[in-house]
Amino acid sequence: SLGTPVKHHYEHFVDKHQPELIKRVSNVEPILDELLRQNVIQQESYDKIKTLPTAEEKMRELISGPLNSVSGKYIFYQILIKNEPFLVEDLKRMDVEVKIRSKVCGVDQGGFNGHEPD
């Protein structure tokens, strides 16, 4: 991508988008398999997370536990790009839009007080 990468942008990405990742990653198994293969999670965590009933709970457990390290987040981010490319693009686009919005509207947030713009 363009420009110099921000230091640990993936770390920021994973932290910032935790709620969306927990809600929106539906196919957790291949991610778990890959994390196990790359030694980010141990067999024990893997087995425990696999038994959780919903994808949401699996993701929550994964993010709150084994992914607490910088290297864990890095590998997780790489796996996400491979397994959930559309989701990653979507979340990145949200980031960019938020940045642009806050630049544009940063000065006069209270512009529309009391009446809808037409």
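Guide: Before we look at the chain, take contact to mean heavy atoms within 4.5 Å. With that in mind, 70% of the contacts between residues at least 6 apart in sequence join residues at least 24 apart. This is a predicted model, in which local features need pLDDT of at least 70, side-chain atom pairs count only at pLDDT 80 or more, and totals for chains, interfaces and linings use all residues. Residues are numbered from 1 along each chain as its sequence is written, and side-chain values use heavy atoms, with hydrogens and water left out.

Visitor: How many helices and strands does the chain have?

Guide: Helices (H or I, at least four residues) and strands (E, at least two) are DSSP runs, numbered from the N terminus. Here the chain has seven helices and zero strands, and along the sequence this reads as α-α-α-α-α-α-α.

Visitor: Which residues of helix 3 are buried?

Guide: Buried means under 20% relative accessible area, exposed means over 50%, and partly exposed lies in between, with a 1.4 Å probe and protein chains only. In helix 3, which spans residues 29-37, Ile 31, Leu 32, Glu 34 and Leu 35 are buried.

Visitor: Why do the buried residues line one face of helix 3?

Guide: An α-helix has 3.6 residues a turn, so residues three or four places apart point the same way. In helix 3 the buried residues fall within an arc of 165° when seen down the axis, so they line one face of the helix; the arc is that of the directions from the helix axis to the C-beta atoms. These buried residues pack against helix 4 (43-50), helix 5 (55-64) and helix 6 (70-83).

Visitor: Which residues have the most contacts inside the largest nonpolar core?

Guide: A nonpolar core is a set of buried Ala, Val, Leu, Ile, Met, Phe, Trp, Tyr and Cys residues joined through side-chain atoms within 4.5 Å. The largest one has 26 residues, and those with the most contacts inside it are Leu 21, Leu 35, Met 59, Leu 62 and Phe 76. Helix 6 gives the most to this core, with five residues. Leaving aside residues up to four places away in sequence, Leu 21 touches Val 14, Met 59, Ile 63, Phe 76, Leu 80, Leu 87 and Leu 91.

Visitor: Where is Tyr 74 placed, and what is its relative accessible area?

Guide: Tyr 74 has its place in helix 6 and is partly exposed, with a relative accessible area of 39%. The C-alpha atoms of Tyr 74 and His 9 are separated by 9.1 Å, although these residues are 65 residues apart along the chain.
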